[in-house]
Amino acid sequence: MDNLKNYRDRIIATIIIIVLLFVIGFTNTGRKTMSFFERITGDLLSPVLSTTSYIGNTVAEGVNTLRTLPDLKYENEYLQKENARLQEENQRLNDIVSRTEYLKSEYDLVKNSEDELIKAEVIGKEPGEWFDRIIVNKGKNDGIGINDTVVVGIKSSENVIVQGLVGRVYDIGDNWSKIVTIMEESNSVAFKNIRTQDGGVLKGFTEGLMEGYLFYNQSDIVADDRLYTSGIGDMYKGDVYIGRVSNVISDEQDMKKKIQVTPAVDFKKLYRVFIIKSDVKYDEAN
């Protein structure tokens, strides 16, 4: 059956070729119109020729696609490698920008500070997401004492570099110090509202926000007020920037005006600090 089908197809193809030759042979180039026979032949052959042309073009396009597949694969691999390289380069540039801003803040802090600042590297921390207790590489040999205030350089709302409160030293060795930060639950900080001078205490935090209350429940305090250390109790040096008020909550039952504060220091990225040397030294046993 296959041989008969192939034979029939060949006969049909031969007849078509003969008809085409017949048409060409009897076509007069000088005529402007076609004969009836030529028109009939053209109408019959036009669909066949269109289909043949379409199939030929499709096959040619498929062959070209197959030829370009290796090039497309190579180009795709190249673009993936280039994308990875650009992402790595972007991350490196962002790191450089961050370090540049950090170093500039440190430089401005040291340059403009009237306090004696000791730069220290963070060499350890308590387990957990937050830097609530850290260890630094400076200690007694560098003149550091118990309850010395620890800060970093922070840009204030006035675009001025100020001391941002980190915490205080609670234990020391010859060449190391342990610091409890203001994010630690047991650590409390006396503050003052720089706008009204009203005071209060911050202690503990929830979801990255410090919590506290005002001494006077009728105090004028609103969101975005800036809080600084008051210096009360000799625990922290006065006038160190703590953070800004995020929420104000009036508790009628406790007769207290409570607040939540966003700290000025990023306690997820704490790698270098400054310890303010105090003239008052405390007994380590305390």
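## Salt bridges

A salt bridge is a side-chain nitrogen of Lys or Arg within 4 Å of a carboxyl oxygen of Asp or Glu, and Arg195, Asp220 and Asp225 are linked in a network of such pairs. The structure is a predicted model, in which local features need pLDDT of at least 70 and side-chain atom pairs count only at pLDDT 80 or more, while totals for chains, interfaces and linings use all residues. Residues are numbered from 1 along each chain as its sequence is written, and side-chain values use heavy atoms, with hydrogens and water left out.

The count comes to 9 salt bridges. One of them joins Asp239 to Lys192, with the closest N and O atoms 2.6 Å apart; Asp239 lies in the loop between β9 and β10 and Lys192 in strand β6 (residues 188-193), so the pair ties together parts that are 47 residues apart in sequence. Strands here are DSSP runs of E of at least two residues, numbered from the N terminus.

## A buried lysine

Lys257, in strand β11 (residues 256-263), is buried (under 20% relative accessible area, 1.4 Å probe, protein chains only) yet has no salt bridge, and the nearest side chain of opposite charge, Asp220, is 6.6 Å away. The side chain of Lys257 does reach the backbone oxygen of Ser219, at 2.8 Å.

Methods
Helices (H or I, at least four residues) and strands (E, at least two) are DSSP runs, numbered from the N terminus. Buried means under 20% relative accessible area, exposed over 50%, partly exposed in between (1.4 Å probe, protein chains only). Lys and Arg count as positive and Asp and Glu as negative; His and the chain ends are not counted. A polar contact is a pair of N or O atoms within 3.5 Å; within protein, one must be able to donate a hydrogen and the other to accept it, and residues adjacent in sequence count only if both atoms are side-chain atoms.
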